[in-house]
Amino acid sequence: MLKNLLVIACLLMSSTSLAATEEPNHAIHEELRGLLQGIETAINTEKYEDLKQYFDEKLTITTINQNVISTPEGIDAYFKDWFGKGGYLKKLDIKLMPDALTKLYGDAANPSWGLVYGRGTENYQLVDGRNLAMKTRWTATVVKEADGKWRILALHIGTNFYDNPIFAAVKDSTKYYAAGGLVLGLLLGVLGMVFLRRKKS
């Protein structure tokens, strides 16, 4: 049993070392993965004040509803506006997944900025109890700052206008009203014919 555990441990260590060898700038990418995880955790645990540590002070964020945030304090204010007293939302669970490794730029031996893009899912719980699941696309610019840490300078989040629950609800309601209008038109036609026949008789 002990021998098997030692073999497994060695395999895990070997695979980790191999990944670090095969992935250029492995330490940087690991830090960026941690940054993404930190953002997810802060949002999903409703600790919105923790988010600003992952962003540059001169940040620019375009949110899913196309609001623009340009100060670190604006991040917390944005979430409080939606989730605070009188807000529309009760809970948000978010998952961000990059499509590929961050493209790093600058000195090859010491990159200073990078570009990354990916997809996400945002599950909203509204105050009235409804749940909406949004699929998103996002693009982020990250920079290495004076303290050696990587932070997000710019972030843009968008969604497919034709593939989201809000558009689906509007489309369904349009079909409903169109069907209702057709039925009403037929009913008025029948009543009109009855009225004309009675008038002739």
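I take buried to mean under 20% relative accessible area, exposed over 50%, and partly exposed in between (1.4 Å probe, protein chains only). I note that this is a predicted model, in which local features need pLDDT of at least 70 and side-chain atom pairs count only at pLDDT 80 or more, while totals for chains, interfaces and linings use all residues. Residues are numbered from 1 along each chain as its sequence is written, and side-chain values use heavy atoms, with hydrogens and water left out.

**Entry: charged pairs**

I searched the whole structure for salt bridges (a side-chain nitrogen of Lys or Arg within 4 Å of a carboxyl oxygen of Asp or Glu) and found ten. I looked up Arg33, which is partly exposed at 38%, and found that its salt bridge with Glu23 has the closest N and O atoms 2.6 Å apart. Glu23 sits in the loop between α1 (2-22) and α2 (26-44) and Arg33 in helix α2, so this pair ties together parts ten residues apart in sequence; helices here are DSSP runs (H or I, at least four residues), numbered from the N terminus. Glu23 is buried, at 14%.

Arg33 also forms a salt bridge with Glu30, at 2.5 Å between the closest N and O atoms, and Glu30 is partly exposed at 41%.

**Entry: aromatic rings**

I then searched for aromatic pairs (ring centres of Phe, Tyr and Trp, the last by its six-membered ring, within 6.5 Å; planes under 30 degrees apart are stacked, over 60 edge-to-face, the rest tilted) and found seven. Tyr105 and Trp113 are stacked, with 4.5 Å centre to centre and 20° between the planes.

Key. Helix = DSSP H or I, 4+ residues; strand = E, 2+ residues; numbered from the N terminus.
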